[in-house]
Amino acid sequence: APSLLQREPIEQLDQRLRGQGWRADGDPALDSYDRELAGNDLASLRSCSGTGAGFCRYDYRRGRQRLEVITVAGPDGMGLVQRWLEAPNLAE
């Protein structure tokens with residue numbers, strides 16, 4: 001399992017995860033509004049909420065493991081890791 005840190009910028013985490021063999025499992029069909037809310041072009045982006053604190057979800061996979069990362073907008077609008085859910089050994 002990866003070591004994740006709360007409040008870590010999502011771009012930094014994305015780079016670290018990819019270096020550990022995780023790959024993006026986002027939604028390539030997202031509209032530009034979600035990308036605008038996220039403030040980045042990461043391939044792992046799955047969705048963003050359009051209201052409230054600005055939560056966004058990023059999905060990763062490594063073999064049969066799945067990882068969902070939820071971010072919240074930081075003071076400068078950058079996505080900061082808030083929580084995550086690991087789902088090991090799921091069927092492909």
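The structure is a predicted model, in which local features need pLDDT of at least 70 and side-chain atom pairs count only at pLDDT 80 or more, whereas totals for chains, interfaces and linings use all residues. Residues are numbered from 1 along each chain as its sequence is written, and side-chain values use heavy atoms, with hydrogens and water left out.

Arg35 is buried, with a relative accessible area of 19%, and lies in helix H2, residues 32-38; helices (H or I, at least four residues) and strands (E, at least two) are DSSP runs numbered from the N terminus. Contacts, defined by heavy atoms within 4.5 Å, link Arg35 to Asp27, Leu30, Asn40, Asp41, Leu42 and Leu45, not counting residues up to four places away in sequence.

Leu45 is also among the residues with the most contacts inside the largest nonpolar core, which has 16 residues; such a core is a set of buried Ala, Val, Leu, Ile, Met, Phe, Trp, Tyr and Cys residues joined through side-chain atoms within 4.5 Å. With the same exclusion of residues up to four places away in sequence, Tyr58 touches residues including Ile10, Leu45, Leu67 and Val69.

Arg62, found in strand E3, is partly exposed, with a relative accessible area of 26%. Its C-alpha atom is separated by 6.3 Å from that of Arg23, 39 residues apart along the chain.

Key: Buried means under 20% relative accessible area, exposed over 50%, partly exposed in between (1.4 Å probe, protein chains only).
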